[in-house]
Amino acid sequence: MYTFSNKLKTFSFILMAVGLLGIGYGFLNAPKDIQEVEHLLAAESHGGHGEATHGEATHGESKSSEDAHVGAAEHTTAHDVKEAAEHQEHLNHVLHQLQNKPWAALYVACIFFLLLSMGVLAFYAIQQVAQAGWSPVLFRVMQGLTAYLPVGSVIFFVILIMCGLHFNHLFIWLDPEVVAHDKLIANKAGYLNFPFWIIRAAIFLIGWNLYRYYSAKNCLAQDASNDDSYYKKNFNISAGFLVFFIVTESIMSWDWIMSIDPHWFSTLFGWYVFASFFVSGITAIALVTVYLKSRGFLEHVNTSHIHDLAKFMFGISVFWTYLWFSQFMLIWYANIPEEVTYFITRIQLYNLPFFGAVVMNFLFPLLILMHSDFKRITWVICMVGVVILVGHYLDFFNMIMPGTVGDRWFIGIPEIASVLFFLGLFIYSVFTALTKAPLLPKRNPFIEESKHFHY
């Protein structure tokens, strides 16, 4: 049985503490009112773009010019009122964006680690249903990684409730004033409304966690059983879960990510989000496996197991790229204004993270993991794995930030602190769970095949 080292536990606590401080700083530093926004915008434009002064009369100004000024004065009041209203609306918009910034940073990190854990759970269920012979020696690693799911689900659900209670403006369709003045969003109100939305979220999270709980329970019970009854139970509930998962995953991606941009939709979006967190989950399995192996555990895990995990990392990275390109190319080529705006915003305002994610999630793993021998070298797996995880965090960042903070994005203290907090919580949850059960499922029917897996 693995022992959770004090150093790793201390490290996870430090990450959480630093993360909490940074998150608190982000919220305290966010502007509280329009006056602060005005000062901020004035500071940004100070010494920048000054306007030309037209109030000085020239020596050659004619009488007709004076008459024109008199005529124009009749429209001054109406023009000023309109300009003041537009300025006020702009200030309110910027205020919401800046107040959203710490919330959006928290949301991106929270959903990334939650879905990473879900990616592991989906991979585990697929291995159960496929009756794979190579992977049972890794089952306890997978179960340990899914131990974050209950904790992450509670935190995420609380954030969703706070969105519905208007603590933030992450989802504009939750604002009754926006819905009243936007026919497109109003037409979706039968689906996009807070009670139905939060009920769906509860069903998804409860369903996923129930499968996680019973599959882990049956796997442990199988060790003490004299037959394969618990293994068969796991097979059946895994098959049912995969049906439930493939439906709820698509709806989840619409509810929790795509509805941030409620004027835009993509029929590929559910698959795209799935590919992103699925490869992240597989990468996490590889990294934790390599770490435990380096500490003297998982004696039956060999380079062939690592090689297979690396093949999945490679293959799903290519699959993600296929979906990324398919979604982007078709929308960009069609050039329909209400669809292409989604990508124009990201290319113009998020150029570096948008194309940087493609390099980190496709080009880098493609060029490194294409070589078969590299899939067996642990330091290569670790390097590529870290790049993939950072790249897919950026992918979620690109999906969520433009619709919440617009051009006010920056990867600063709130964003880094949020990642550190959830990373610390993730490490603590995972490695605590790994201490509670033997790392080898001894009575799995395929365990001997898995122990001697070589090619």
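How are helix 6 and helix 9 oriented to each other, roughly parallel or roughly antiparallel? They are roughly antiparallel; that label needs an angle over 145 degrees, while under 35 counts as roughly parallel, 65 to 115 as roughly perpendicular and the rest as oblique.

Quick ground rules. This is a predicted model, where local features need pLDDT of at least 70, side-chain atom pairs count only at pLDDT 80 or more, and totals for chains, interfaces and linings use all residues. Numbering runs from 1 along each chain as its sequence is written, and side-chain values use heavy atoms, without hydrogens and water.

Back to the first pair. Helix 6 covers residues 148–164 and helix 9 covers residues 194–223. Their axes cross at roughly 180° and come within 10 Å. In the contact (heavy atoms within 4.5 Å), helix 6 brings residues including Phe157 and Leu160. Helix 9 brings, among them, Trp197, Trp208 and Arg212. By class, that contact has 13 nonpolar, three polar and one charged residues.

Second pair. Helix 11, residues 269–294, packs on helix 15, residues 378–405, at about 150°. The axes are 9 Å apart. This pair is roughly antiparallel too. From helix 11, Phe269, Tyr272 and Phe277 are among the contact residues. On helix 15, His392, Asp395 and Phe396 are among them.

Last, Tyr230. It sits in helix 10, residues 229–256. Tyr230 is partly exposed, at 28% relative accessible area; that class lies between buried, under 20%, and exposed, over 50%, with a 1.4 Å probe and protein chains only. Leaving out residues up to four places away in sequence, Tyr230 touches Asn218, Ala221, Gln222 and Ser225.

Key
Axes fitted to C-alpha atoms, helices over the stretch in contact; angles between N-to-C directions. Helix = DSSP H or I, 4+ residues; strand = E, 2+ residues; numbered from the N terminus. Nonpolar A, V, L, I, M, F, W, Y, C, P; charged D, E, K, R; others polar.
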